Amino acid sequence: MPEYETHDHDVLVIGAGGAGLRAAIEASAAGVTVGLVCKSLLGKAHTVMAEGGIAAALANVDDRDNWKVHFADTMRGGQYVNNWRMAELHAKEAPDRVRELEAWGAMFDRTKDGRILQRNFGGHRYPRLAHVGDRTGLEMIRTLQDHGIHQGIDVHMECTIIRLLKDGERVVGAFGYERERGRFKVFRARAVVLATGGVGRAFKITSNSWEYTGDGHTLAYDAGADLMDMEFVQFHPTGMVWPPSVSGILVTEGVRGEGGVLKNNQGRRFMFDDIPENYRSQTADDEEEGWRYTQGDKAARRPPELLTRDHVSRCIVREIKSGRGSPHGGVYLDISWIKARLPNAAEHIRKKLPSMYHQFKQLADIDITKEPMEVGPTTHYIMGGVRVDADTQMSTVPGLFAAGECAAGINGANRLGGNSLSDLLVFGKRAGEYAAQFAKTQVAGAIDARQIDEAAQRALEPFARGTRGEGPYQIQYALQDMMQDLVGIVRNASEMQRALHGLEELRARANRAGVGGHREYNPGWHAALDLPNLLTVSEAITRSALERRESRGGHFREDYPSRDPGFSSFNFIVRKNPEGGMDVAHAPIPDMPEELRHVIEEMG
Amino acid sequence: MAEQKATFQIWRGDARSGRFREYTTEVSEGMVVLDAVHQIQARQANDLAVRWNCKAGKCGSCSAEVNGHPRLMCMTRLNQLDLSKPVTIEPMRAFPPIRDLVTDVSWNFRTKLGIRRFTPRPPEADGTWRMSQVDVERVQEFRKCIECFLCQDVCHVLREHHLFDQFVGPRHLVYAAALEMNPIDTENRSRDLKNTHGIGYCNITKCCTKVCPEGITITDNAIIPLKERVIDQLYDPVAKLFRMLRQ
Ligand SMILES: Cc1cc2nc3c(=O)[nH]c(=O)nc-3n(C[C@H](O)[C@H](O)[C@H](O)COP(=O)(O)OP(=O)(O)OC[C@H]3O[C@@H](n4cnc5c(N)ncnc54)[C@H](O)[C@@H]3O)c2cc1C
Ligand code: SF4
Ligand code: SF4
Ligand code: FES
């Protein structure tokens, strides 16, 4: 029998980013006891890194904005395979969620008349992103954290969940270990909310931290829940490419929102060369009009640099592959050119983009007020995740809820910048509310000691193999290299078939991984335990991507380069079959109500 | 900096004991200290404990003392260090060690709970608040804090005198300043600042300001104005007059 500590909560929230914190606050407000678990310290979750802003149709800067425009923008960005109900709720509720942050102490940048300022971002028709310079995520997580700590939530920091516990069909708890001493913990709960974020660590070049190993995706999958849209991974167009040790670190879209332009090594603004048909009427005709748009001219249309991320990424890849890239294998992103237009350009840039200024100055010896940056695509976000009910965020397994990046639906094939932070708030709140409601109707479930034994035993295997086993980091690097090469921005069937074989080999290697030392704060051990999760999400991505024989949003197939209407009416889901293998199936998209269809037509 | 090798002395140990261990690894252009630590962890010491998340100076997880200076490891370039000698990397010394470079910073989380929370005045008719950008900016400086706790690490009141029970430290004075100067907050924290937060212990050495990776002017912009508030509100008018004359 493994030793463990037991904790009881009505609702257990796994993950303390924006979604988890917001869920915990809401559940606690509903009068149930709440436990909140996170792998890092409180306030360090990925949300802290978000830069550009929170999308919400507050209409403070452009009064033509409203939920309908935001809804239509989100659906267009997602290429119409979004869960339209989620997109609708999101667009309608985001403004209230942002205002609520202010009531909890957030301090957004202001308009001249003292209201929340909003900025332009890719795919959003009007200036819509509430922001704080380029550190919006920090403002958001700190606000939720500082509010949340006074709500009587029990926080378990530096604790990693490795298995969900079930009683029959229902999820009734979770099992994990705390980092400091390596001791096991059992959490009993009447409802569990997953808010674990993304999967970026499955790829070599990524803007994501070590935490993003697809834990929530895998926990849900192993518990029998459906995952959906796993083929849709977002490659952000602008990550740092140099120096090598920082490659992948994000350069916010805010740079382009403030007037930054993309150029190839011939000095050409190549984004004007390829404007998709469905965005043509919304895109500037020339550089002059694009500049006016970034400066708030309501009559102007947006520059092509602010087209959706999937498109901009592919254009950059095309430039690089055609030999028009920058010396370190990227393209140029130039904001310094605005000095030709603005009197205090350098100061303006430092004020609007302080952390970008800092980041380049310190990590790359580049002064972005004087010279262009070198950028290239980086793995950034996964649209796919746990399949949930739009209103309640409950997964296909009773008692298991999911919100934030680890849930699927709102973004469809491609997420618009800024729509994640608002997603966390809107659906974090809903998940907390409905998890609490669910918890109140349930009696405590039975905890099955066998499930605990099994999980504990597996968790300790790497120690049994000790340093004779292969080092976990080497296996992780091999996986990242392979996924980057074979299932990255540009995909085809034969490479993905190779990836599936590769994954099998890597799984065998992962089963032989060993670590030395003991259980106290041992990152090698943690890395070994993350491997099965990385493998599961990589397989889900690859299998779904193989099935989608078309190109749409973040998913691009060079063997099927265009969009195929035959793939518009369903989403791909993966689930675990009784033999333990992974099945891919179709989930039909329900018909959109007349009213919403009308909104989309009306908005063009 | 072409491909070369460098030597690092990394403190390894736990709450009971520890010592520096030497590792030599390849370093290349653009590397930061955290990269070197990761490389050593991946190739030579899988169990080397270190905290990090963002690798871009945004989360405040990777605080340590590099050649004796409190720094974020992810923002410290190797080319800023003298690599002809071994580079020492050790955990923040003001906090109890857990393992290797990881320290027990839980005191900070408990301390924050003791500071009275944000309490806004009622909103305007439309449910929102009007605030001017200038007022907001003053507070935003403090809200840039990434809770790296490097300022706590260097403050002698904590580091040398261990007055953890009596002094909340510069980080939490910055936090209190953000609340006190928030244009819509209505709470008054002066009495707490004096009595339980121990603002009087700060003797304005400015060591905290010097190490803040976010460039927050902790002493001049946060602590001194708070001290003035405390004096204004809690001491007699003579002291107030004296202060006015001095200015
Ligand atoms: C550099 C960068 C910039 C971005 N900028 C923007 C932006 O401007 N606007 C925008 O809308 N979006 C932005 N995004 C995307 C957005 O930040 C993320 O999608 C979002 O923060 C995810 O939030 P979350 O609450 O779902 O998860 P996270 O904030 O990632 O939190 C996940 C939590 O789950 C915990 N966890 C994970 N696994 C386990 C486990 N097994 N056991 C216990 N706990 C676990 C983690 O410790 C963490 O607390 C950006 C992303 C990056 C990387
Ligand atoms: S100025 Fe005050 S708070 Fe800062 S280090 Fe000195 S004594 Fe500590
Ligand atoms: S005030 Fe500065 S040094 Fe102190 S915790 Fe915050 S960011 Fe770190
Ligand atoms: S890793 Fe986030 S500040 Fe260094």
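Accessible areas here come from the Shrake-Rupley method with a 1.4 Å probe, and for residues only the protein chains shown count as cover. On that basis chain B has an accessible surface of about 10,600 Å², and 51% of it belongs to carbon and sulfur atoms.

Before I go on, some housekeeping. This is a predicted model, in which local features need pLDDT of at least 70 and side-chain atom pairs count only at pLDDT 80 or more, while totals for chains, interfaces and linings use all residues. Residues are numbered from 1 along each chain as its sequence is written, chains are lettered from A and ligands numbered from 1 in the order in which they are written, and side-chain values use heavy atoms, with hydrogens and water left out.

Let me stay with chain B. Its C-alpha trace spans about 65 × 45 × 35 Å along the principal axes. The secondary structure comes to 10 helices and seven strands; these are DSSP runs numbered from the N terminus, helices being H or I with at least four residues and strands E with at least two. Of the 247 residues in chain B, 57% count as buried. Buried means under 20% relative accessible area, exposed means over 50%, and partly exposed is in between, with a 1.4 Å probe and protein chains only. A contact means heavy atoms within 4.5 Å. Among chain B contacts between residues at least 6 apart in sequence, 62% join residues at least 24 apart.

Next, the cores. A nonpolar core is a set of buried Ala, Val, Leu, Ile, Met, Phe, Trp, Tyr and Cys residues joined through side-chain atoms within 4.5 Å. Which residues have the most contacts inside the largest one? They are Phe8(B), Met73(B) and Ile89(B), in a core of 227 residues. Helix H12 of chain A, residues 419–440, gives the most to this core, with 10 residues. A second, separate core has 20 residues, including Val69(A), Tyr126(A), Val599(A) and Ile600(A). Back to Phe8(B): leaving out residues up to four places away in sequence, its contacts include Tyr23(B), Val27(B), Ile40(B), Leu78(B) and Ile89(B).

Now the ligands. A residue is near a molecule if one of its heavy atoms lies within 4 Å of it. Ligand 1 has 40 residues around it, and those that come nearest are Thr47(A), Gly52(A), Glu211(A), Tyr212(A) and Asp215(A). By class, this shell has 16 nonpolar, 18 polar and six charged residues. For these classes, Ala, Val, Leu, Ile, Met, Phe, Trp, Tyr, Cys and Pro count as nonpolar, Asp, Glu, Lys and Arg as charged, and the others, Gly among them, as polar. H12(A) gives the largest share of the shell, four residues.

Taken alone, ligand 1 exposes 990 Å², and the protein buries 99% of that.

Ligand 2 sits among residues of chain B, including Cys155(B), Cys202(B), Cys207(B) and Cys208(B). Helix H8 (207–211) and helix H9 (218–234) of chain B each give two or more residues to that shell. Around ligand 3 we find, among others, Cys145(B), Cys148(B), Cys151(B) and Cys212(B). The ligand 3 shell has nine nonpolar, no polar and two charged residues.

Two single residues next. Asn522(A) lies in the loop between helix H15 (493–510) and helix H16 (523–547) of chain A. Is Asn522(A) buried or exposed? It counts as buried, because its relative accessibility is 0%. Its contacts reach into the other chain, with Asn46(B), Asp47(B) and Arg99(B) among them. Asn522(A) and Arg181(A) are 341 residues apart in sequence, yet 9.0 Å apart in space, C-alpha to C-alpha.

Gln39(B) lies in helix H1 of chain B, residues 33–43. Its side chain reaches the backbone oxygen of Glu26(B) at 2.7 Å.

Last, the backbone. Most residues other than glycine have a negative phi, and most peptide bonds are trans. A cis peptide bond joins Trp242(A) and Pro243(A), with omega about -10°. Asp100(B) has a positive phi of about 50° although it is not a glycine, and it is buried, with a relative accessible area of 1%. Asn67(B) has a positive phi near 50°, and counts as partly exposed at 31% relative accessibility.

Notes:
A polar contact is a pair of N or O atoms within 3.5 Å; within protein, one must be able to donate a hydrogen and the other to accept it, and residues adjacent in sequence count only if both atoms are side-chain atoms.
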